[in-house]
Amino acid sequence: MKAAFLPDRGVVKVTGDDARNFLNNLVTTEIKDVKPGVAKFGALLTPQGKIVADFLITEAPAGHGGGFLLDCARVLAAALATKLNFYKLRAKVAVDNLSDNLGVLAVWGGTPPLIPDLAFPDPRNAELGWRILVPADLAAKLAASLGAQSATPEAYDAHRIARGVPRGGADFAYGDAFPHETNMDRLNGIDFDKGCYIGQEVISRMEHRGTARTRTVRVAVDGFGPEPGADVMAGDRALGKMGSSADGKGLAILRIDKVGDALKANRTLSAGGVPVALVDEDEIKLAAKLPGV
C-alpha cells in the first residue's frame, strides 16, 4: 500500500441547515447519498454545461463539525468558494476555503487497516484507492500509522493516468470542457436521474442525443511523453490534444470521428513528434456509440 500527499488539492467546506439541498441544486451528482465515509464525484458547471470545477464531496462527521467537504483543485479552491457564496442567496449555508489547514492524502494498493474519520474510497474508480483529508503536517505520520509506503505525488499521478482518470488543469482546461469530454459520465460524476442543476439541460441533451464527439482516451507513448496540449496528429490532420503522461502511458482528448477515420486508414498517430497509440480501441467504439468504428 502506498500513500502520497497531493499538494495540488485543496478543501472547501459547506455547512448550514440548507447545505445538502443547496449543493444538490447546483452540482452534477446526487448529494442525498453522501455521508461520512462515502463520497461522490461531481462538478459545478456553467449554464452552457462547461466544467467550472470538479471535486469529490463527502460529509464530515459531527465530531468534525458536520457539513460537506469538497476535495478540489487547490488552485480553484478560493474561486470555487466565492462562486458558491454567489449562489447561496438566502440559503442558510456558510462556505469556507480550508485549503491552508486541510489537504488530501491519496492511499492506493490496499485498504487502510484503520479508517480515519475524514477518509473515503475514491468514487471515480475503485483502483484509485482512498482519499483522506488531513493537515499537511500530519500526512506523513498518518501514512506511517496505516502501514503505507511513502510515495510522491508523481507516483500517484502515474497511477491515475494508467487507470484513465483525467485531472483538470493537466488533461483538460477548466471552463472549456464538457463533462462527457472528460468521461465524468463513466466515472460516476453525473446523475442523469436527479433534478435540475446548473447546466443540466445541455448535459442531458448530450447524453440522450449522443452528441459528445470528443472524449478522453488512454494512449501508449513511445519514448518521452509529449507536452500537455501538444496536437495529436494522424499525418497532417489534427485529432485532438495530448494531456498528461507518465511511465509510457498518457491521456488525450480526441475527436472520436477523426480517430475512427485514422484507424480505418491505418494511419500512425503522433504528438509532438512522439508516436502514440490507443491503449484499447474499444474505448473509441464505446465513445462513438457506433459498433465497428
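In this predicted model, helix H5 spans residues 200–209, and its buried residues are Gln-200, Val-202, Ile-203 and Met-206. These four lie on the same side of H5, because the arc they cover around the axis is only 165 degrees. Strand E3 (39–45) is the element against which the buried residues of H5 pack. On the face turned away from the buried side, H5 carries Glu-201, His-208 and Arg-209, which are exposed.

The largest nonpolar core has 34 residues, and the members that touch the most others in it are Leu-133 and Tyr-156. Two or more residues of this core come from each of the elements E1, E3, E4, E7 and H5. E3 gives the largest share, 4 residues. The strands among these elements are listed below with their residue ranges.

| Strand | Residues |
|---|---|
| E1 | 2–6 |
| E3 | 39–45 |
| E4 | 51–59 |
| E7 | 103–108 |

Leaving out residues up to four places away in sequence, Tyr-156 touches Ala-4, Leu-6, Ala-106, Trp-108, Asp-122, Arg-124, Leu-128 and Arg-131. Another core, of 25 residues, lies apart from the largest one; its members include Ile-31, Ile-57, Leu-84 and Ile-198.

Methods: Residues are numbered from 1 along each chain as its sequence is written. This is a predicted model: local features need pLDDT of at least 70, side-chain atom pairs count only at pLDDT 80 or more; totals for chains, interfaces and linings use all residues. Side-chain values use heavy atoms; hydrogens and water are left out. Buried means under 20% relative accessible area, exposed over 50%, partly exposed in between (1.4 Å probe, protein chains only). The arc is that of the directions from the helix axis to the C-beta atoms. Contact means heavy atoms within 4.5 Å. A nonpolar core is a set of buried Ala, Val, Leu, Ile, Met, Phe, Trp, Tyr and Cys residues joined through side-chain atoms within 4.5 Å.
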